[in-house]
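User: I am new to reading protein models and would like to learn how to go from the whole fold to single features. Could you take me through one, step by step?

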Amino acid sequence: MTERNTDHVTMKSEQVPVVADTDVVVVGAGPAGVSAAVSAARNGCSVTLLERYHHLGGMASGGMVLVLDDMVNEGNEVVTTGVVNEFVDRMAAQDGAVFPPPEDCLTSMEMWQKWSRWGCIDFHKTGHPQPIIHAVAFDPDAWKRVSLDLVKEASVNLRLHSWFSDALVEDGRVTGVVCQTKLGRQAIRAKMVIDASGDLDVASAAGAEFIQGQYIVTTVFRLCDVDTDAAEAFEYANPEEYKKLDRQARRIIGGAWGMWWLKTPLPGIVWCNCPHMPGYDGLSPEDMVAAEYEGRERMMNLLAFARDNIPGFENAKMLGAAEQMGVRQTRLLKGEYVVTKDDVKSRRHFADSVCRGRDYYTPYRALLPKGVDNLIVAGRHYSVESEAQKMSREIPPCMSQGEAAGVAVALALNAGSALRDVDARAIQKQMRAQGADPGDVPSANALVEEKAEA
């Protein structure tokens, strides 16, 4: 981790104006935060949603992570549902999402050639061709539009350009937050707080226990004016020659998943989820600046190589890098339960599961900090071991966490109870009523060590 400064200055005391008094404040309007805010509002809460950027959607939009995956269990059983389905349906209605119909989710070369460049493959499987599964390629601006629509329809009080600064804590209870704006610091009082910051900003400021991890960071980018039909035709007609060029491209970019370019709903525009760069601390401004320099140098080198060597990329141009750096892991909560790598790999089912991803279940306890009341987390910073988080941090499961957190705060407020006293079965029941799968019913391949109560 980056060494922190030890020199300090003393600031004068200040009076911070209160700009909102609300049932629930959600910090961070990424996929998990928007899902949490909409879920809480639909369940009767007044909700204020804080976001530091000018847009909603976090890594799905500003970070341009443009494929939704981790939504299916073994055998293409779709298990991550709820608000994420609304996003997909609404984006598709705007020509902003592409996904395979169920009848195309097969293992065949024909389907591979039809869908692999959309990212709709089971990358956990070895061999070739890999199975086609339910996954969704989408446009980042479509995500922003749908996010705004859902937030507005739910009457959420949206405050953009508001960077979280501090937690308000009284006797171990979080009573609101302070954010930094162009008008100075502003306070929002709340009965319940949902930390959807991605970096555990609120919980750490409130004194919750956490560990600090690190994983690769990525400056995602897009290219335009790519003849994707020509590129795919060359790849399939000349597989060995393409593999050689692809290996060279991957060396130049310096780190990528199996496919360094994928198609998007916009013709001629491809998504490059690379370069992957290890060794950077996602909390460090200095590290993020260095990663920005390195990432942009790598992407321009790749563009030059692709234009000169890969058919279909002759006229490619740099459309632009993502507005947000792709940071995958920083602080992780040490909550009432810490999900382990074995939990994820063994598909361990929990009686208090309230959300799920690909072959794994997340217990309600993993969203709750120890020793801090009125606070729940949702997103990649939940209570989980570092190695387990690398396998359970994708966008759709984080959205399910947010939806569950929204239900939980509404139930706690209605009952006048602490969040840790909310019955997980009540969350499960309401999640089902909202069209979401909370993981209360284990799939056939789950490791069930205790019987889930009805």
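Analyst: What follows goes from the overall fold to a helix, a sheet and the cysteines. Please keep in mind that this is a predicted model.

User: How many helices and strands does the protein have, and what radius of gyration does it have?

Analyst: The secondary structure comes to 12 helices and 25 strands. For 454 residues, a compact globule would have a radius of gyration near 22 Å, and the protein agrees with this because its own value is 22 Å. The C-alpha atoms fill a box of roughly 65 × 55 × 40 Å along the principal axes, and buried residues make up 57% of the 454 residues. Among contacts between residues at least 6 apart in sequence, 73% join residues at least 24 apart.

User: Which residues of helix H2 are buried, and why do they lie on the same side of H2?

Analyst: The general idea is that an α-helix has 3.6 residues a turn, so residues three or four places apart point the same way. In H2, which spans residues 83-93, the buried residues are Val83, Val84, Phe87, Val88 and Met91. They lie on the same side of H2 because they cover an arc of only 145 degrees around the axis. Asp89 and Ala93, on the other side of H2, are exposed. The buried residues of H2 pack against several elements, including helix H1 (31-42), helix H4 (140-153) and helix H11 (395-415). After H2 comes Asp95, whose phi is positive, near 60 degrees.

User: What is the order of the strands in the open sheet of four strands, and which strands stand at the edges?

Analyst: In general, strands of a sheet pair through backbone hydrogen bonds, either parallel or antiparallel. Here the order is S15-S16-S14-S18, and the pairing is antiparallel. Strand S15 (262-263) and strand S18 (317-321) stand at the edges with a single partner strand each, so one side of each is left without a neighbour in the sheet. S15 pairs with strand S16 (residues 270-272) in the antiparallel sense over two bridges, and Lys263 stands opposite Val270 in S16.

User: How many disulfides does the structure hold, and is Cys120 buried or exposed?

Analyst: A disulfide needs two cysteine sulfur atoms within 2.5 Å, and the structure holds zero disulfides. For Cys120, the nearest cysteine sulfur is that of Cys105, 7.9 Å away, and Cys120 is buried, with a relative accessible area of 0%. Cys274 is likewise in no disulfide, the nearest cysteine sulfur being that of Cys272 at 5.1 Å, and Cys274 is buried with a relative accessible area of 0%.

How values were computed
Residues numbered from 1 in each chain as written. Predicted model: local features only at pLDDT ≥ 70, side-chain atom pairs only at ≥ 80, totals over all residues. Heavy atoms only, no water. Buried < 20%, exposed > 50% of the residue type's maximum accessible area, 1.4 Å probe, protein only. Pairing = 2+ DSSP bridges. Arc of directions from axis to C-beta. Contact = heavy atoms within 4.5 Å. Rg over C-alpha atoms; globule rule 2.2 N^0.38 Å.
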